[in-house]
Amino acid sequence: MSRADDFLEYYRILEEELIQKYQWDEKGGSPVVRFLGDKESRPYREKLNFCREIRNFLSHHSELNGEPLIEPSEEILQFLKGVIDYLKRPPPALSFATLFEDILKASAKNKAVTVMKKMQKSGFSHVPVLDGGVLTGIFSIGTFFSYALKHNLASLNDDMLIEDFAELLPPDRHENERFMFMPPTATLFEVKNEFEKRTQRSKRLAVIFITDSGSIGGRILGMLTPWDVINER
């Protein structure tokens, strides 16, 4: 088989994978064109549109006097294979997450000043507060500022414990931030899509936690911030 034949075969497989993934009706038009209009195609859009043009040309003007008019490069064949692999096995979000064992964690009885010093040193902006492995709250610098404003606190008392901030620790009590909980099956695209959503009055999505149940009561497997998925495919 020539590279042109390989290209057409890969393109056919790509169309089949798209139809299967999105459950599209085969009569609804070109699945590749429909995919190009979907946000998930963004990392591939330019080259994939080029592939569409190559495919149309090969389908109608593939040869002249028995010789191929164009021969797709090995690079473009590998690109098509890469898109097919992505559709078959989309990268799991958990592979880009900070795993549980590497997360900076706190308990209610930890001194707040100690936790904040560790946050500054390690670069964590949000710290899950756990009780027996179960998430009971999330501590952040914003938590401290909200508490300070509410209680007219000028500085952090060295003896203050994380539990002193209990009223502000639940995920739904953070004033300007929100948090999500997703299952281990969540893909990188799904996570990126959540971080990129914009609504005028919405709180900023600060952290996505991957838990074994996909809910707040599940065992934490990892956590992701926008920085974990920036520039990732």
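Which side chain meets Lys-47 in a salt bridge? The partner is Glu-75, at 3.6 Å from N to O. A salt bridge here is a side-chain nitrogen of Lys or Arg within 4 Å of a carboxyl oxygen of Asp or Glu. The pair links distant parts of the chain, 28 residues apart. Lys-47 lies in helix H3 (residues 45-61) and Glu-75 in helix H4 (residues 74-88). Lys-47 is partly exposed, at 39% relative accessible area, and Glu-75 is exposed, at 55%. Buried means under 20%, exposed over 50% and partly exposed in between, with a 1.4 Å probe and protein chains only.

The model is predicted: local features need pLDDT of at least 70, side-chain atom pairs count only at pLDDT 80 or more, and totals for chains, interfaces and linings use all residues. Residues are numbered from 1 along each chain as its sequence is written, and side-chain values use heavy atoms, without hydrogens and water.

The whole structure holds 12 salt bridges. Glu-163 pairs with Lys-109, the closest N and O atoms being 3.0 Å apart. These two residues sit in loops, 54 residues apart. Glu-163 is partly exposed, at 31%; Lys-109 is exposed, at 60%.

Another bridge joins Glu-16 and Arg-12, with the closest N and O atoms 2.4 Å apart. Both residues lie in helix H1 (residues 3-22), 4 residues apart, about one turn of the helix. Glu-16 is partly exposed, at 42%, as is Arg-12, at 35%. Glu-9, Arg-12 and Glu-16 are linked in a network of salt bridges.

Across the protein chain, buried residues make up 39% of the 233 residues. The C-alpha trace spans about 85 × 35 × 30 Å along its principal axes.
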